[in-house]
Amino acid sequence: MARIFITGSSDGLGLRSAKALSKRGHDVYLHARNTQRAQDARAALPEAKDVFIADLTSIEETKSLAEKLNQTGPWDAIVHNAGVMNGVSRLKGKEGVPALFAVNTLAPYIVSSLVDPPPKRHIFLSSGMHHGGDPSLRNIQQCTYSDSKYHNVLLAFWFARRLANKGVLSNVINPGWVPTKMGGSGAPDDIDAAVDTYVMLAEGSGAAEGKTGGYWYQKRQGTSKGSGREANYERSADDEARQNQLIETLAKISGVNPPQ
């Protein structure tokens with residue numbers, strides 16, 4: 001039995017994966033951005049051990065979430081599932097940070113840096129759209145959704161390197177274009193395969209057992225040299241200097257130092 005926390009788990013793939021993990025006997029903790037969403041999450045998964053409330057557009061609330069996780073841990077897995085895509089281009093959090101950047105890029109960095117001891121497994125969420133992300137990392141706070149999904153690949157790979165000596169596994173999942181509220185009802189990919197991949201990485205089981213620094217799509221590990229857009233990732237994400245550049249930038253913006 002594992003203790004697993006999933007951000008953005010009041011609906012969508014986060015909730016579906018939480019239900020699957022709970023059904024397999026794990027202690028699952030949910031996250032919602034406000035009280036109403038938390039009530040919805042509790043109603044959808046009464047078996048959840050708790051629902052943590054934090055607005056991830058806020059740096060301070062994200063830091064407070066990490067404190068709650070430290071009080072409740074240690075953790076077997078943290079799934080950085082929360083993400084926003086449409087209708088947030090002009091929205092900003094309490095500290096004036098653009099909402100898409102704060103939720104998709106900055107929040108997973110802050111949580112991963114502050115949770116101590118670190119979980120046995122970090123799972124970051126990317127997308128096939130990361131292929132359209134800007135590898136220069138310029139104007140990062142004004143990033144697009146594609147940029148942020150590219151950042152998530154860099155984060156997973158950097159934390160895999162940094163936390164390797166602590167035995168922590170860090171991977172990134174591309175769930176594909178699946179029929180959720182974000183993906184739309186006509187999305188063509190297999191949502192069950194996406195959930196199965198979440199479960200596999202959260203458990204560290206099956207093909208993911210002992211694996212770190214991997215990019216996963218439908219239970220298979222991709223590479224930076226393959227031809228499939230969904231199953232493989234951008235070669236530039238392997239650049240350790242680029243990974244370091246992202247971490248240094250996020251540390252300056254958030255005021256949160258990366259783990260040593």
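A residue counts as buried here if its relative accessible area is under 20%, as exposed over 50% and as partly exposed in between (1.4 Å probe, protein chains only). The model is a predicted one, so local features need pLDDT of at least 70 and side-chain atom pairs pLDDT 80 or more, while totals for chains, interfaces and linings use all residues. Numbering runs from 1 along each chain as its sequence is written, and side-chain values rest on heavy atoms, with hydrogens and water left out.

Now for the rings. There are 8 aromatic pairs in the structure, a pair being Phe, Tyr or Trp rings (six-membered ring for Trp) with centres within 6.5 Å, called stacked for planes under 30 degrees apart, edge-to-face over 60 and tilted for the rest. Phe5 and Phe52 make a tilted pair, at 5.7 Å centre to centre and 45° between the planes. Phe5 sits in strand β1 (residues 3–6) and Phe52 in strand β3 (residues 50–53), 47 residues apart; strands are DSSP runs of E with at least two residues, helices runs of H or I with at least four, numbered from the N terminus. Both Phe5 and Phe52 are buried. Ring pairs also join Phe5, Tyr29, Phe52 and Trp75 into a cluster.

Phe157 and Tyr233 pair up edge-to-face, with 5.1 Å centre to centre and 70° between the planes.
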